[in-house]
Amino acid sequence: MFKLLSLACLIASVAAHATFQELWINGVDQGSSCVRLPLSNSPVTDVTSPDIACNVNPTPTSGVCSANPGDQLTVEMHQQPGDRSCSNEAIGGDHYGPINVYMAKVDDATSAVGSEANWFKVAEIGLPSNNPDYWGTEVLNDNCGHYTFTVPKDIAPGDYLVRAEVIALHVASTVGGAQFYMSCYQVKIGGSGTATPSAVKIPGAYSPQDPGILINIYTQLNTYQIPGPTPYATTSPTVATTPYPTTATWDTALQPSTVPTAVPTPGTKGVGKA
């Protein structure tokens with residue numbers, strides 16, 4: 001049985017990789033207009049590498065998406081470039097694990113170096129239920145790759161990087177086994193806020209031995225410690241002993257099949273959230 005499980009994990013570890021590719025703001029599809037797209041869907045596994053910030057040499061972009069404090073941003077993940085089909089899992093192959101979203105205030109979102117920025121976490125979801133086990137990545141799969149969070153209502157205006165991350169734990173029982181999938185988006189936040197949340201460095205926020213990174217998820221988990229700092233101005237779901245609702249909050253009928261590459265004009269109508 002152990003050999004079969006190990007083989008299944010190995011197969012899963014080389015299949016069904018994914019990337020965060022699109023962004024929505026208040027239900028308006030920004031497409032890939034302001035994301036630094038990764039060159040491949042392969043994971044980063046070294047938490048001490050500068051690549052852990054915004055991925056391996058992501059494609060530069062001049063696009064900057066505009067948002068305000070209190071707006072709802074939705075990051076969107078898929079396995080293959082340009083594929084927005086809801087019939088395919090966002091991240092498959094039993095790549096179970098948490099979702100983290102960070103923001104970093106920078107001087108210029110188009111040129112800021114992610115590994116030099118000061119990051120604060122704004123959203124996370126780990127293991128919201130252990131009866132049965134239900135992970136943040138399954139929220140993505142149930143919602144066509146979408147995960148929505150709220151921009152903190154009091155942060156100062158200016159350029160920011162938004163870093164969306166999945167940590168896949170299917171082969172994380174040995175050091176270096178956890179797989180990190182991240183993309184950085186370039187946004188400009190308006191408003192008149194003044195808050196500058198306490199921040200961490202990435203790399204620096206994670207250790208290879210963190211209990212939420214070095215873990216065997218094939219045992220009974222009554223708790224799960226999401227890696228990284230506590231989210232700013234929000235809370236994450238605790239591990240429930242009742243089934244987590246799996247009904248999609250994203251209307252798949254509204255999912256576009258194409259990917260906009262230009263920042264939408266102001267006033268574009270939105271369609272929904274997840």
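Colleague: Which residues lie nearest the centre of the largest pocket?
Modeller: This is a predicted model, in which local features need pLDDT of at least 70 and side-chain atom pairs count only at pLDDT 80 or more, while totals for chains, interfaces and linings use all residues. Residues are numbered from 1 along each chain as its sequence is written, and side-chain values use heavy atoms, without hydrogens and water. A pocket is an open set of points on a 1 Å grid over the protein atoms alone, where a 1.4 Å probe fits, with protein on both sides within 12 Å along at least five of seven lines, and lining residues have an atom within 4 Å of a point. Of the 21 residues that line the largest pocket, those nearest its centre are Ile 125, Val 139, Tyr 147, Thr 148 and Tyr 244.

Colleague: Which element gives the most to the lining of the largest pocket?
Modeller: Helices (H or I, at least four residues) and strands (E, at least two) are DSSP runs numbered from the N terminus. The elements that give two or more residues to this lining are β7 (119–125), α3 and β10. With four residues, the one that gives the most is β7.

Colleague: What volume has the largest pocket?
Modeller: The lining of the largest pocket divides into 10 nonpolar, nine polar and two charged residues, where Ala, Val, Leu, Ile, Met, Phe, Trp, Tyr, Cys and Pro count as nonpolar, Asp, Glu, Lys and Arg as charged, and the others, Gly among them, as polar. With grid points joined across faces, edges and corners, and volume taken as the space filled by probe spheres set on them, the largest pocket has about 350 Å³.

Colleague: Which helix gives the most to the lining of the second largest pocket?
Modeller: About 250 Å³ of space lies in the second largest pocket, and its 14 lining residues include Arg 36, Cys 54, Asn 55, Pro 58 and Gly 114, which lie nearest the centre. Three of the lining residues come from residues 51–54, which form helix α2.

Colleague: How much space lies in the largest cavity?
Modeller: A search of the whole structure finds one cavity (a set of points where the probe fits but cannot get out) of 30 Å³ or more. β5 (72–78) and α3 (136–142) each supply at least two residues of the lining, which has five nonpolar, five polar and one charged residues. The space in this largest cavity is about 40 Å³.
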